[in-house]
Structures are given as C-alpha cells and as structure tokens.
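Here are my notes for your reading of this structure. Keep the sequence and the 3D view open as you go through the points.

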Amino acid sequence: MPMDARDIETMIKAALPDAQVEIKDLAGDGDHYAATVTSPAFKGKSRVQQHQMVYAALQGRMGGALHALALTTQAPDN
Amino acid sequence: MTDARQVIDNEVKSNDVVLFMKGTPQFPMCGFSGQVVQILNYLGVPYKGVNVLEDETIRQGIKDYSNWPTIPQLYVKGEFVGGCDITREMFQAGELQQLFTDKGIAVQQTA
C-alpha cells in the first residue's frame, strides 16, 4: 500500500517536531519520493544516525510500503 | 548467532570493502545498487558484491545487522558506511575517497 507525501511528512514531524520537511514525488506512484529533512536534532549526529532517526519516524515502512525515499538530512546552519 | 548473521559478520570482517546489493557488480538489479557499483568502479576500489537476492535470510539479516531498512549497504573495514544516498553524498563531497585513503584502501581515481 503506497504512501502519501503528507503521511510521510506527518510521521516525520510527529517524531521530529521541530523538523522542516520537503518532499518531492519522484514517480507519482506513491512509492518513490525524495525528502529533505532539516532539524536541530541532527546536530552532532553522523549521516547514518540522522537517516536512522528518519527511518524510525516512519515506523518500519521504509523498505516496505515505501520502496524508495531519497533522503537528505541536515542540521540548520545557525 | 544465527546463520545469516554469522555469514554476514564473516563477509563484513574478512573483506575490506563489501557491498550488499541486489544483483551483482556485473549485473546490478536495482538502480540504487547500480549507483553504488558505479561509484566504486569509478574509484577503482576492489570490493566484494554480495547478492542479497540469492538468499532471503541474508536480505533480511543485513537489515537487522546494521539497523538499516534498505539495500544496498556498503561496509568498509567492518564498518557500515551507508546506503545509496549517503555513499553518493560522501562521494560528491570527496569524503568517500578520504575514508578509503584513511583506511589504507587504494583509490585509483580521486574525483
């Protein structure tokens, strides 16, 4: 059951309340998205840890309902 | 330790660079796996490809091993480096080349 971009954003923000989330639908099939997530919670964390935080927010859907999520994570510059 | 975990542990520890992927380096079966293969080939780094499609227990086991939900997965000197996004990001930033050099792994091309 593919996911909707809004669901992805809602789930990420539920786990990372102060995150800014930008989602692009890559294929229009509900299965391939690109997301850029910016959150102070990423500060001091490695890329792998940052991505794992986002995957945890998606509660196991990553790699299942959500086949592809090209993910870019960053802490805000300030 | 389960069989799959033992097999994975052994692969990760007995090869400097290991790519758990869908398909083989010669015939990647997924765009994301293919991207990492292209990066490694471009850098001319010797690596071992493990085709997770051949064994469902490895395909699931690797996700548990690294707490990472997708394939491909790149390991260097026993450490999980990342999936396709992170490997590409590191490559573009020159960090992947630095990682290999730091770990004493010969890199032919330093883009």
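1. Start with Lys103(B). This residue is partly exposed, because its relative accessible area is 25%. The model is predicted, so read every value here as computed from a prediction.

2. What does Lys103(B) pair with? Its side chain meets that of Glu79(B) in a salt bridge, 3.0 Å from N to O. Lys103(B) sits in the segment after α5 of chain B, and Glu79(B) sits in strand β4 (residues 79–82), so the pair ties together parts that are 24 residues apart in sequence.

3. Next, a salt bridge with a partner in chain A. Glu95(B) forms a salt bridge with Arg47(A), and the closest N and O atoms are 2.7 Å apart. Glu95(B) belongs to helix α5 (residues 95–102) of chain B, while Arg47(A) belongs to helix α2 (residues 47–57) of chain A, so this pair joins two chains.

4. How accessible are these two residues? Glu95(B) has 35% relative accessibility and therefore counts as partly exposed.

5. One salt bridge sits within chain A. The side chains of Asp4(A) and Arg6(A) meet at 3.6 Å, N to O. Asp4(A) is partly exposed, since its relative accessible area is 31%. Arg6(A) reaches 61% relative accessibility, so Arg6(A) counts as exposed. Over all chains, a search of the whole structure finds 9 salt bridges.

6. Now step back to chain B. It holds 5 helices and 4 strands. From the N terminus on, their order is α-β-α-β-α-β-β-α-α. Trace that order in the view before you go on.

7. Is chain B compact or extended? A compact globule of 111 residues would have a radius of gyration near 13 Å, and chain B has 13 Å, so the two agree. The C-alpha trace of chain B spans about 40 × 25 × 20 Å along its principal axes.

8. Consider burial and contacts in chain B. Buried residues make up 50% of its 111 residues. Take the contacts between residues at least 6 apart in sequence: 60% of them join residues at least 24 apart. The accessible surface of chain B comes to about 5500 Å². Carbon and sulfur atoms account for 48% of that surface.

9. Then the nonpolar core. In soluble globular proteins, nonpolar side chains tend to be buried together. Here the largest nonpolar core has 54 residues. Which members touch the most others? They are Val37(A), Phe20(B), Leu96(B) and Phe100(B).

10. Leave out residues up to four places away in sequence. Phe100(B) then touches Val17(B), Leu40(B), Leu43(B), Val45(B), Val76(B), Ile105(B) and Val107(B).

11. Ser66(B) is buried, because its relative accessible area is 11%. A polar atom of its side chain lies 3.0 Å from the backbone oxygen of Ile62(B). Not counting residues up to four places away in sequence, Ser66(B) touches Gln52(A), Gln73(B), Tyr75(B) and Phe80(B).

12. Finish with two sequence neighbours. Is Cys30(B) buried or exposed? Its relative accessible area is 15%, so Cys30(B) is buried. Cys30(B) lies in the loop between β1 (17–21) and α2 (31–43) of chain B. Its C-alpha atom is separated by 8.9 Å from that of Pro72(B), 42 residues apart along the chain.

13. Gly31(B) is found in helix α2 of chain B. Gly31(B) is exposed, because its relative accessible area is 54%. Gly31(B) and Asp85(B) are 54 residues apart in sequence and 12 Å apart in space, C-alpha to C-alpha.

Technical notes:
Residues are numbered from 1 along each chain as its sequence is written. Chains are lettered from A and ligands numbered from 1 in the order in which they are written. This is a predicted model: local features need pLDDT of at least 70, side-chain atom pairs count only at pLDDT 80 or more; totals for chains, interfaces and linings use all residues. Side-chain values use heavy atoms; hydrogens and water are left out. A nonpolar core is a set of buried Ala, Val, Leu, Ile, Met, Phe, Trp, Tyr and Cys residues joined through side-chain atoms within 4.5 Å. Buried means under 20% relative accessible area, exposed over 50%, partly exposed in between (1.4 Å probe, protein chains only). Contact means heavy atoms within 4.5 Å. A polar contact is a pair of N or O atoms within 3.5 Å; within protein, one must be able to donate a hydrogen and the other to accept it, and residues adjacent in sequence count only if both atoms are side-chain atoms. The radius of gyration is taken over C-alpha atoms; the globule rule is 2.2 Å times the number of residues to the power 0.38. Accessible areas come from the Shrake-Rupley method with a 1.4 Å probe; for residues, only the protein chains shown count as cover. A salt bridge is a side-chain nitrogen of Lys or Arg within 4 Å of a carboxyl oxygen of Asp or Glu.
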